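User: I have a structure open here and would like to talk through how it is put together. Can you take me through it?

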Amino acid sequence: MSEKTAAAPAAPSQFKKTNQWFDVWRRLKQSKTAVIGLVIFVLLCLMALTAPIFFNYEQDVIRINVQNRLQPPSAEHWMGTDDVGRDVLARVVWGSRASLSIAFSIVAFSLFVGGTIGSTAGYFGGVYDNVVMRIMDIFQAIPGILLAITIVAALGPNTVNLVIALVVSSCPVFARVVRGPVLTIREVEYVEAAKAIGAKSGTIITSHVLPNCLAPIIVQATLSVAGMILSVAALSFLGLGIQPPAPEWGAMLSGARTFIRDHSYLAFFPGLAIMITILSLNLLGDGLRDALDPRLKT
Amino acid sequence: MWKYVIKRLIALIPVVAGCTFIVFMIMHLSPGDPATFALGQDATPEAIYEWREMHGLNDPILIQYANYIVGVFMGDFGTSFRNNVSITQEVMQRFPHTLQLSMAALSVSLLLAFPIGIISAVKQNTWIDGLSMFIALIGISMPVFWLGLLLVLFFSLQLGWFPSSGANQWNSVVLPGITLGTGMMAAMARTTRSSMLEVIRQDYIRTARSKGLSNGKVIRKHAIRNALIPVLTIFGIQLGNLLTGSVITETVFAWPGIGRLMIQGIAARDYPMVLGCMVMFVLCFAVINLLVDLAYAFVDPRIRAQYR
């Protein structure tokens, strides 16, 4: 995201912008916890990207092998095998692909839809703003994951419906986060100047207003990725998300419940994977918040 | 003050109606005919027509919604598709369990969050602070369902101290309560700490110290009350999360509350039941937000003055 924004602003402010992102990086590096979060998260992304090198999807991840069922962790199967003999490590590693890619796409879609709603509402104001934001209020009056559960329940449980459900339920948050700073920025002189030279509203919003209210948006997006990974896992745990045999951490935990008495390792590793991912994103999100806007520092 | 409360209560009506409209429409998006699902593939057209008539499904959708929302405000949530029981009755029967679970979670989080947050702020940068904040960080990163499974594994299967599911014994609520309360506890401990740290550096705290008050008295009388406002904001957000978390916690522990009722309703494609549970959750959520707003006035005299 940072390269895109560094390139986006108009030419005169180019030099200062680069400086700003350099500053952010410098401040982020100073926070030990943020660096730990960043390193863990990068490693997780690498794990997700390189999963096919280590484990074959057809052979290791979804193929049923009953002779091998319910084996405790060993040198051959580091995290043991599940109730149909699949290697848990392979499934945990492949599970990161599902969780991360779905969480990223949900945040990207919600950012796009919610951001469009929020920035236009904030920029144009008036009746449009009022109507749109009241609708967002009503959506926000329904607890997010419950709305998602309802949508998936109505449309039927599969990955596409899961993404739709979570995008719909998280859009209002992004609309709100984007609208706030847009309200302030639209009043400043350079926006007025852009209007005066006849720039179109769309151009003003995308190249003058939005780049200047990125800080809260980036923080919200980082923390939202964590929230979405958790929501995807929770919905899959309830049987409303990614469907077996596809590997997903929440669904794996749900499957492990039956065997928890004698095969507790089945319930341990997928949960650990979720926790480490969320932890790294929370650390990174906190660090980014402090680095992007020292005034918000808590 | 009362005028404000009444104004807010009236403002709840369109919110609840709007939320119900959204959920109602989503439920009607679902493919397939509920009548065929309830009566089976070989039901006669007459039987299907009669069943649809009985559940009011032959009316236009907006009329159906109008009938439904009027019913909701009269306290009638309709009848279940599955066994024709009154949903109001079913929901009201389950609601005390969800309330009990939430209260248990609330006690866990409040009893731990404040001491942890305040002590880590007062002892900033010591090992106690480090340890507490590490625990809090783990707490906010832990998925509810995983924590639930681990607690069951350790305290009920290994040690046998608490039952692993159901709500029949006096100590049944302990594990679900801890499961649901931990996330809230962690988030509130973090906010309490940062808010206390901010307050401790203020001039009035220095004044209080310089006039010779003991450290404990400064913290109790001057710092905590001022640190409460941001904590209250997080408290409101977390209460909402508590409702959401209860759906998952109830599923893990087979706890007979509204959350589990809703998940069972989804599995049985009993849409009026799901809708009824959702309306109940939305109502709770709205009332909680109202109470939190009122609590601001209680804590902060400056806000109280605005309502007069």
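**Packing between and within the chains**

Analyst: Start with a pair of helices from the two chains: helix α13 (residues 265-292) of chain A packs with α7(B) at an angle of about 145°, and their axes are 10 Å apart. Keep in mind that this is a predicted model.

User: What hand does the crossing of α13(A) and α7(B) have, left or right?

Analyst: Left-handed; that is how α13(A) passes α7(B).

User: Which residues make the contact?

Analyst: From α13(A) there are A267(A), G271(A), I274(A) and M275(A), and from α7(B) there are W146(B), L149(B) and L153(B). By type, the residues of this contact of α13(A) with α7(B) are 6 nonpolar, 1 polar and no charged.

User: Now the whole interface. How many residues of chain B are in contact with chain A?

Analyst: 35 residues of chain B, and they touch 30 residues of chain A.

User: Which helices of chain B supply at least two residues each to that side?

Analyst: α1 (2-29), α6 (127-141), α7 (144-158), α10 (215-252), α11 (258-267) and α12 of chain B. The largest share comes from α1(B), with 8 residues.

User: And how do the residues on the chain B side divide by type?

Analyst: The side of chain B that touches chain A has 28 nonpolar residues, 7 polar ones and no charged ones.

User: Switching to chain A on its own. What is its secondary structure?

Analyst: Chain A has 13 helices and 0 strands. Its C-alpha atoms fill a box of roughly 75 × 45 × 35 Å along the principal axes. Chain A has 298 residues, and 45% of them count as buried.

User: How much of the contact in chain A joins residues at least 24 apart?

Analyst: 69%, taken among contacts between residues at least 6 apart in sequence.

User: Give me a helix pair inside chain A. How do α7 and α11 of chain A cross?

Analyst: Helix α7 (residues 144-155) and helix α11 (residues 214-237) of chain A have axes that come within 11 Å and cross at roughly 45°. At that angle α7(A) is oblique to α11(A), because oblique covers what is neither roughly parallel, under 35 degrees, nor roughly perpendicular, 65 to 115, nor roughly antiparallel, over 145. The crossing of α7(A) and α11(A) is right-handed.

User: Which residues meet there?

Analyst: I145(A), A148(A), I149(A) and V152(A) in α7(A) meet S231(A), A234(A) and L235(A) in α11(A). The residues of this contact divide into 6 nonpolar, 1 polar and no charged.

User: What about the largest nonpolar core; which residues have the most contacts inside it?

Analyst: I229(A), F281(B) and V282(B), in a core of 161 residues.

User: What does F281(B) touch, leaving aside its neighbours within four places in sequence?

Analyst: F281(B) is in contact with P143(A) and L146(A) of chain A, and with L243(B) and I258(B) of chain B.

User: One more residue. Where is I288(B)?

Analyst: I288(B) sits in helix α12 (residues 271-299) of chain B.

User: Why does I288(B) count as partly exposed?

Analyst: Because I288(B) has 17 other C-beta atoms within 10 Å, where buried needs 20 or more and exposed 12 or fewer.

User: What does I288(B) touch beyond four places in sequence?

Analyst: G236(B), L239(B) and G240(B). I288(B) and G236(B) are 52 residues apart along the chain, with 7.2 Å between their C-alpha atoms.

Notes:
Residues are numbered from 1 along each chain as its sequence is written. Chains are lettered from A and ligands numbered from 1 in the order in which they are written. This is a predicted model: local features need pLDDT of at least 70, side-chain atom pairs count only at pLDDT 80 or more; totals for chains, interfaces and linings use all residues. Helices (H or I, at least four residues) and strands (E, at least two) are DSSP runs, numbered from the N terminus. Two residues are in contact if their C-beta atoms, placed from the backbone, lie within 7 Å. A nonpolar core is a set of buried Ala, Val, Leu, Ile, Met, Phe, Trp, Tyr and Cys residues joined through C-beta atoms within 7 Å. Axes are lines fitted to C-alpha atoms, for helices over the stretch in contact, and angles run from 0 to 180 degrees between N-to-C directions. A crossing is left-handed if the near helix is turned anticlockwise from the far one by less than a right angle, and right-handed if clockwise. Ala, Val, Leu, Ile, Met, Phe, Trp, Tyr, Cys and Pro count as nonpolar, Asp, Glu, Lys and Arg as charged, and the others, Gly among them, as polar.
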